[in-house]
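Hello,

I am passing a structure on to you, and I hope you enjoy looking through it. Please open it alongside this email, and then read on for what was found.

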Amino acid sequence: MSDRTLTAADTATDVSAPATAPAHVDAGDAGYSKDLKSRHINMIAIGGAIGTGLFLGAGGRLASAGPSLFIAYAVCGIFAFFVVRALGELVLYRPSSGAFVSYAREFMGEKGAFAAGWLYFLNWATTGIADITAVATYTHYWGMFSDIPQWVLALIALAVVLTVNLISVKYFGEMEFWFAIIKVGALVVFMFIGIFLLVSQHDVGGTTPGLHNVLDHGGIFPVGVMPMLMVIQGVVFAYASVELCGVAAGETKNPEKIMPKAINSIMWRVGLFYVGSVVLLALLLPYNAFTGGESPFVTVLSKIGVPYAAGVMNLVVLTAALSSLNSGLYSTGRILRSMAMSGSAPKFTGRMNKGQVPYGGILLTAFFCVLGVALNFVVPDNAFEIVLNFAAIGIIGTWGMIMLCSLLFWRRSKEGRVTRPSYKLPFAPYTQIVTLVFLAGVLVLMAADKGASRDTILCLPLIAAALVGGWFVVRGRVERTRREAELQRAGGSED
C-alpha cells in the first residue's frame with residue numbers, strides 16, 4: 001500500500017472521468033470497516049447540529065441579546081448548512097475518512113492539508129478539554145458526586161469514551177446514535193410542553209405566554225443589534241460538529257445514497273430545534289427571566305413546577321458533552337491517520353488496531369485531553385472558558401478550509417479537470433465566497449469583544465507561527481514519503 005495520495009496522472013489520462021471515478025485515491029482511506037449504517041449517519045448528523053450550546057448556552061445568550069437570538073441561530077445555521085453541504089458535495093465526489101484534509105491535499109497540496117488537519121486537531125483537542133470539564137461540572141450537580149474532585153470525574157469520563165472509541169467504529173456509531181436520541185427526545189418533549197403552554201395560555205411563573213413577552217419588553221432587539229452580533233461567535237461554536245458526518249462517510253456503505261438525505265435534513269432540524277426553541281422560549285417568558293447559569297429549558301420547566309426538571313436536563317446536557325467528546329476522539333483519529341500517511345503527522349497516529357480503528361490518532365487527542373484534566377486540577381473555575389475560545393479558532397479555520405476546498409473544486413470543474421456530482425452546493429461559487437466573508441466577520445467580532453475572545457484573536461499570530469514552524473519540521477518527511485510512494489508505484493507498474 002502506498003503511503004501517499006495517488007493522482008490520476010499516475011494511473012490514467014482521462015481528466016473528464018465521471019464523479020463516480022474520482023481522480024484521487026487517499027492511502028489513508030485503506031483498512032477501515034464499513035460498519036456505520038444509515039441510522040448512525042442520520043443521528044450523527046443530528047447530534048452534530050445539537051449540542052450544549054443550545055441546552056445550556058442559550059440561556060445566557062437570551063439574557064444578553066434578547067429574542068433576537070433566534071436571528072443569530074438562523075444566520076449561523078444557514079452558513080453551517082452551506083459548510084456541510086459543500087463537504088457533502090466533496091464526499092460524493094470522493095468519500096474519504098480524511099475528509100477535508102484529504103480534499104485539501106488534492107486541491108491545495110500538502111501545505112494546505114497540514115494546515116487543515118492541525119487546525120481541526122486544535123478544534124477538537126481544546127473542545128475535548130471543554131467537554132470533560134463540562135462533564136465533571138455537570139456531574140457535581142448530583143450530591144453523590146459532589147465530594148469527588150472535578151479532575152477525577154473528568155478523567156473517568158475520558159477513560160469511558162476513549163475505551164468505546166478504541167473497540168470499533170460500530171460501538172462509536174451506537175453510542176452516538178443513543179446520545180442523539182436522548183438530545184432529540186428531550187427537545188421534542190420540551191417543545192410539546194412549550195406549545196401546550198402557549199396555546200392554553202397556562203401561567204408560567206406568574207407570566208402569561210404570548211407575543212407580549214417580546215413586544216412589552218423592548219421587542220426583538222431590547223438591548224440593540226450589537227449584542228445579537230456579539231453572541232454570534234458563541235452560536236458558531238454551537239454548530240461545531242456539523243462536519244462530522246463528512247468524516248463518517250469514509251466508513252459508510254453506499255454514502256452516495258445516505259449522505260444527501262442526512263445533510264439535507266440538517267437544515268430543517270436547525271430551523272426546528274434551534275430557531276424554534278428560541279422563539280418558543282421568548283414567547284413563554286421575557287428575555288430577562290433567563291440567566292447564563294441555568295439551562296433556559298430548566299428555567300421554564302421549574303416555573304411550572306415540573307419535578308426533577310433540573311436533574312433531567314442536567315442529564316441531557318451531560319449526554320451532549322459526552323457525545324461531543326466521543327465525536328472529537330473519533331474524527332481526529334481519522335484525520336490524523338490521513339495526515340500520517342503523507343508524513344505530516346507523527347507516524348504512530350497512522351496505526352490501526354484489530355478493530356480497524358486508528359488508535360494512534362485517538363490516543364494523541366486523548367493525551368491532550370489529559371492535559372485538560374490537569375487544567376481542571378489547577379484552575380477548575382476557569383478551565384472551560386480558557387479552552388472554549390481556542391476551540392472557536394479551530395472551528396472557523398476548519399470551516400474556512402472546507403469552503404476553500406469547495407471553491408477550488410468548483411474551479412477545477414469549470415476547467416474540465418473534475419466532474420461535479422449531481423449533489424451540488426447551490427449558487428457556487430458565491431456561496432463559498434459569502435461563507436468565507438462571514439467567517440472573517442466572526443473573527444472581527446471576536447476581536448471587538450472584550451476578555452477571552454479578544455485575547456484569543458491576539459494569539460492568532462502564535463497559532464500561525466506554530467503552523468509555519470511545524471511545516472518546516474515535517475516537510476522533509478513529507479517529501480521522503482512522496483518519493484517512496486513514487487518508487488512503489490514505479491515498481492508496481494513494472495510488475
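This is a predicted model: local features need pLDDT of at least 70, side-chain atom pairs count only at pLDDT 80 or more; totals for chains, interfaces and linings use all residues.

The phi angle of glutamine 356 is near 60°, a positive value in a residue other than glycine. Is glutamine 356 buried, exposed or partly exposed? Its relative accessibility is 32%, so glutamine 356 counts as partly exposed, given that the partly exposed class lies between under 20% for buried and over 50% for exposed.

Tyrosine 308 also has a positive phi, about 60°, although it is not a glycine. You will find tyrosine 308 in the loop between helix H14 (296–303) and H15. With a relative accessible area of 71%, tyrosine 308 is exposed, because anything over 50% falls in that class.

While you are looking at loops, turn to the one between H17 and helix H18 (430–448), where proline 429 sits. Which kind of peptide bond joins alanine 428 and proline 429? The bond is cis, and its omega is about 5°.

Next, the helices. Helix H6 covers residues 99–139 and helix H15 covers residues 309–340; their axes come within 8 Å and cross at roughly 150°. An angle over 145 degrees counts as roughly antiparallel, and H6 and H15 are therefore roughly antiparallel to each other. As for handedness, the crossing of H6 and H15 is left-handed. The contact of H6 with H15 is made up, by class, of 21 nonpolar, 12 polar and two charged residues.

Two residues further along are worth a visit. Tyrosine 141 belongs to the loop between H6 and H7, and with a relative accessible area of 44% it is partly exposed. Although tyrosine 141 and glycine 311 are 170 residues apart along the chain, 7.9 Å separates their C-alpha atoms. Isoleucine 156 is in helix H7 (residues 150–167). Isoleucine 156 is likewise partly exposed, at a relative accessible area of 47%. Between isoleucine 156 and valine 135, which are 21 residues apart along the chain, the C-alpha separation is 9.7 Å.

Finally, the space inside. How many cavities of 30 Å³ or more does a search of the whole structure find? The search finds one. The largest cavity holds about 270 Å³ of space. It is lined by 28 residues, and those closest to its centre are Gly51, Thr52, Phe237, Ser241 and Ser324. Several helices give two or more residues to this lining: helix H2 (38–49), helix H3 (52–55), H6, helix H8 (169–200), helix H11 (232–238), H15 and helix H17 (383–414). Which of them gives the most? That is H6, with seven residues. By class, the lining of the largest cavity divides into 14 nonpolar, 11 polar and three charged residues.

Best wishes

Conventions. Residues are numbered from 1 along each chain as its sequence is written. Side-chain values use heavy atoms; hydrogens and water are left out. Axes are lines fitted to C-alpha atoms, for helices over the stretch in contact, and angles run from 0 to 180 degrees between N-to-C directions. Helices (H or I, at least four residues) and strands (E, at least two) are DSSP runs, numbered from the N terminus. Angles under 35 degrees count as roughly parallel, over 145 as roughly antiparallel, 65 to 115 as roughly perpendicular and the rest as oblique. A crossing is left-handed if the near helix is turned anticlockwise from the far one by less than a right angle, and right-handed if clockwise. Ala, Val, Leu, Ile, Met, Phe, Trp, Tyr, Cys and Pro count as nonpolar, Asp, Glu, Lys and Arg as charged, and the others, Gly among them, as polar. On a 1 Å grid over the protein atoms alone, a cavity is a set of points where a 1.4 Å probe fits but cannot get out, and a pocket is an open set with protein on both sides within 12 Å along at least five of seven lines; lining residues have an atom within 4 Å of a point. Grid points are joined across faces, edges and corners, and a volume is the space filled by probe spheres set on the points. Buried means under 20% relative accessible area, exposed over 50%, partly exposed in between (1.4 Å probe, protein chains only).
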